[in-house]
Amino acid sequence: VQPKRYSRLCAGCHGSQSGNPADALPPISPEEADVVSGASTTFATYKDGNPRLPLQPVALATGPLPTFHFKRDLGPILVRSCALANCHAGANPQGGLDLTLNKTAYYDSAYEALQAFGDGSTGGKKYVDERGRSAWGSYLMAKLTGKQLGAPRTLDFQCPPAGSNAPPLSGDEVKAFARWIDLGAIYRTPGVMEP
């Protein structure tokens, strides 16, 4: 690295040449700013950076936004494969996790159980990391995939367990749970009524 570029390219990790932290990552010079902004504008506006080949503007949010409701979109999966007798329903659900869709004061039993605070997932909740929007760090995803992902709780077995009468989740159904968590594990999007 050229000495004059060391502060910009390397000092953030390796420290400044002078040893003074204030000398690391100096402000961008006007020449550098023009190069960065010019490249961004060129590549975002023209095909292959060629000003003779302008790109069409990208139309964002031109159609209706997708809607979501926990009970409508994930509820049927829970009812079919999880909230069964001797699993996550009844007086003593497995692991104390009630995944029935019984209405509560705010949401329903399944949603509130999956949002429980405690150890298990990154972000301070037992089953889903909705704050970090991380399916990877959610223990629920480890249970559904049967793989130890990024959740701090050690996976014991996949759900539904092998040999149970519960129908397994399809790949698309597992992805639906991952998408739900990655979007913040909300109960419903604004304006969506109870199914």
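Colleague: Which residues lie nearest the centre of the largest pocket, and how many residues line it?

Modeller: In this predicted model, the largest pocket has a lining of 28 residues. H88, Q94, K143, F157 and C159 are the ones nearest its centre. Two elements, α5 (75-81) and α7 (139-145), each give two or more residues to that lining. The largest share, 4 residues, comes from α7.

Colleague: How much space lies in the largest pocket, and what classes of residue make up its lining?

Modeller: The space amounts to about 480 Å³. The lining holds 18 nonpolar, 7 polar and 3 charged residues.

Colleague: What makes P66 a lining residue of the second largest pocket?

Modeller: A lining residue has an atom within 4 Å of a pocket point. P66 is listed in the lining of the second largest pocket, and therefore has such an atom. Other residues of this lining include W180, I186 and T189. The volume of the second largest pocket is about 270 Å³, and α8 supplies the largest share of its lining, 3 residues.

Colleague: Why is T189 called buried?

Modeller: The relative accessibility of T189 is 17%. Buried means under 20%, so T189 counts as buried. T189 is found in the segment after α8 (171-182).

Methods
Residues numbered from 1 in each chain as written. Predicted model: local features only at pLDDT ≥ 70, side-chain atom pairs only at ≥ 80, totals over all residues. Heavy atoms only, no water. Buried < 20%, exposed > 50% of the residue type's maximum accessible area, 1.4 Å probe, protein only. 1 Å grid on protein atoms, 1.4 Å probe; cavity = no way out; pocket = protein on both sides within 12 Å on 5 of 7 lines; lining within 4 Å. Points joined across faces, edges and corners; volume = space filled by probe spheres on them. Nonpolar A, V, L, I, M, F, W, Y, C, P; charged D, E, K, R; others polar.
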